[in-house]
Amino acid sequence: MEILHVSAECYPVAKVGGLADVVGALPKYQRDAGHVAKVVMPAYRNKFFHNNAFEVVHQAGMWLGHDWYHFNVYKETGNVLGFDLYLVDIPGLLDREGVYGYYNDTERFLGFQVAVCDWVNEWQHHPDVMHCHDHHTALIPFLLKYGYKYTRLAEIPTVLTIHNGQYQGQFGWDRQYLLPSFDLWKSGLLEWAGAINPLAAGIKSAWKVNTVSPNYMRELLSEANGLEALLNYEVGKTTGILNGIDTMVWDPAKDPMLEYNFTATTVEKGKRENKLRICEQFNLNPDLPLFIFIGRLVDDKGADLLPEIIGRSLHESGNKASFLVLGSGDKHTEWRLEQTRLFAPDNMAVYIGYNEALAHQLYAAADFLLMPSRVEPCGLNQMYALRYGTIPIVRITGGLADTVIDFGDKGGFGIRFVHAAIWDACAAVRRALELFEKRTTFNKIRKTILKLDHSWNKSAQEYIDLYTSIKS
Ligand SMILES: Nc1ncnc2c1ncn2[C@@H]1O[C@H](COP(=O)(O)OP(=O)(O)O[C@H]2O[C@H](CO)[C@@H](O)[C@H](O)[C@H]2O)[C@@H](O)[C@H]1O
């Protein structure tokens, strides 16, 4: 089967969050299962673009409203990722260093989607499925079905994966002219709440829709940032497939970003050594339990709760813990974290920014990972933590409920709490502190979690089954 993944991110080409991890890993596992999986994404002007070799495989031009853009499709020639990677270069739109956050993101990702459809329109054959990820690519199922210039592509099955339903990419009807001409009788498929809503259009038009965990799929039926009614209506074509992790990239035994690699048999020494390094770097006491948070500092992740969770936990425990936060996002939360640190400089460290290597080192060094998420479609951090012998403390929502069992329950290994609230998170931290003191149980749990299998093997097959169910 030939699968074309269309995405705004893919690790290691360009990563902002978990979407990149998924799109960088899933195709490898699909390849290993005997399929041809390709990824097409924008050609951002970043390190990866400058440091790798490409050949031009397609050159064309397109109208985006009243503006004409020339575009190229490049193919990476070194097979660096282990599957075919295509980059769409649209000078004037996509040739920026960053992924998101530009004033014309709507035009940028519209241009990307039109260019992808135009390019596939020139192929001699059709891919067996086009797999679109999140709202930046969610207009493709609509365009293929109803765009006049894509009639020969109308039968290509499309799958839309919702990695995060909070972001939908809405823009006003006044910009409808940016879309290539389509059957206007179908305009209603673009519409949601008085605007053009790409995610809603994708849910309506894709052949199948899935989220990144079964529990998140259930949650979306009652809480989907305004799309609840639509998802209830379309429930028949939806499913939840749990994300996996790339166990080749995330392997404590071989990870080149770690100074000390370790396995299940050397976990105690290995984690101790990694912890010593990190504690030295951030001026923390290595004898205290180390709690980390890694992620985008946004309210959905519960990042706004962190300053008080940390402050209160330190106060209650008499400074018997260390906390380290790695992330960036909401400026006010960044500032509050820095302020909290001033009150406990020996027990708290904050790294504002994005640092892939540090993230790996933190998963390896920490004792506990804190995830007080309000919304968590799947969450990869808890799976990376488990793989690196760090016990996750999670609020049970979305995929966190699907992947973490409380150590108090049969077969359990993590710490769960119910409310995205300071008091409940602090109670979970208290349980962690008690667990840290019970060394035998703590070490046993560590050994157990290192052996859990969160690789893509099972889920990659579930995607193949999904494609097979719609293959024309
Ligand atoms: N400052 C920083 N420095 C270094 N690394 C950082 C970092 N901030 C984040 N990361 C890394 O980015 C990734 C975050 O992945 P998540 O799945 O937790 O969240 P995200 O919300 O981006 O993804 C969305 O899509 C994914 C994939 O489907 C879902 O799992 C998730 O629930 C959904 O919200 C991890 O690899 C993490 O280590």
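## The two domains

Begin with the whole chain: the C-alpha centres of domain 1 and domain 2 lie 33 Å apart. To colour them separately, select 2–244 + 457–470 for domain 1 and 267–450 for domain 2; these bounds come from an automatic or database domain assignment. The model is a predicted one, in which local features need pLDDT of at least 70 and side-chain atom pairs count only at pLDDT 80 or more, while totals for chains, interfaces and linings use all residues. Residues are numbered from 1 along each chain as its sequence is written, and side-chain values use heavy atoms, with hydrogens and water left out.

Domain 1 supplies 20 residues and domain 2 supplies 16 residues. Between them the domains bury about 1400 Å², 54% of it on carbon and sulfur atoms; buried area is the accessible area (1.4 Å probe) that two parts lose on being put together, summed over both.

Across this interface there are nine residue pairs in polar contact, both residues being at pLDDT 80 or more. A polar contact is a pair of N or O atoms within 3.5 Å; within protein, one must be able to donate a hydrogen and the other to accept it, and residues adjacent in sequence count only if both atoms are side-chain atoms. On the domain 1 side, helix 1 (18–32) and helix 6 (214–220) each supply at least two residues. Helix 6 gives the most to that side, with five residues. Helices (H or I, at least four residues) and strands (E, at least two) are DSSP runs, numbered from the N terminus.

The term denotes a side-chain nitrogen of Lys or Arg within 4 Å of a carboxyl oxygen of Asp or Glu. Across the interface of domain 1 and domain 2, one salt bridge is found.

## A lysine in helix 1

Now select K28, which has its place in helix 1. Is K28 buried or exposed? K28 is buried, with a relative accessible area of 14%; buried means under 20% relative accessible area, exposed over 50%, and partly exposed in between (1.4 Å probe, protein chains only). Leaving aside residues up to four places away in sequence, K28 touches L81, F83, D246 and V249.

## Three further salt bridges

- Select E107 and R175, whose side chains meet at 3.0 Å, N to O. E107 lies in helix 3 (residues 105–121) and R175 in the loop between strand 7 (158–162) and strand 8 (191–192), so the pair ties together parts that are 68 residues apart in sequence. E107 is buried at 17%, whereas R175 is partly exposed at 25%.
- Select K269 and E273, a salt bridge of 3.0 Å, N to O. Both residues lie in helix 8 (residues 267–282), four residues apart, about one turn of the helix. K269 is exposed, with a relative accessible area of 56%, while E273 counts as buried at 16%.
- Select R446 and D367, which form a salt bridge of 2.7 Å, N to O. This pair links distant parts of the chain, with R446 in helix 15 (residues 439–450) and D367 in the loop between helix 11 (356–365) and strand 15 (368–371), 79 residues apart. R446 is buried at 5% relative accessibility, and D367 is buried at 2%.

## A covered helix

Move to helix 5 (residues 198–205), where eight of eight residues are buried. Around these residues, display helix 4 (140–146), strand 7, strand 8, strand 9 (195–196), strand 10 (208–211) and helix 7 (228–233), against which they pack. At the N-terminal end, N197 caps the helix: a side-chain oxygen lies 3.1 Å from the backbone nitrogen of L199.

## A pair of histidines

Finish at H163, in the loop between strand 7 and strand 8. H163 counts as buried at 9% relative accessibility. Its side chain is joined to that of H133 by a polar contact of 2.9 Å. Among the residues that H163 touches, not counting those up to four places away in sequence, are L19, V22, D134 and P377.

Definitions and conventions
Contact = heavy atoms within 4.5 Å.
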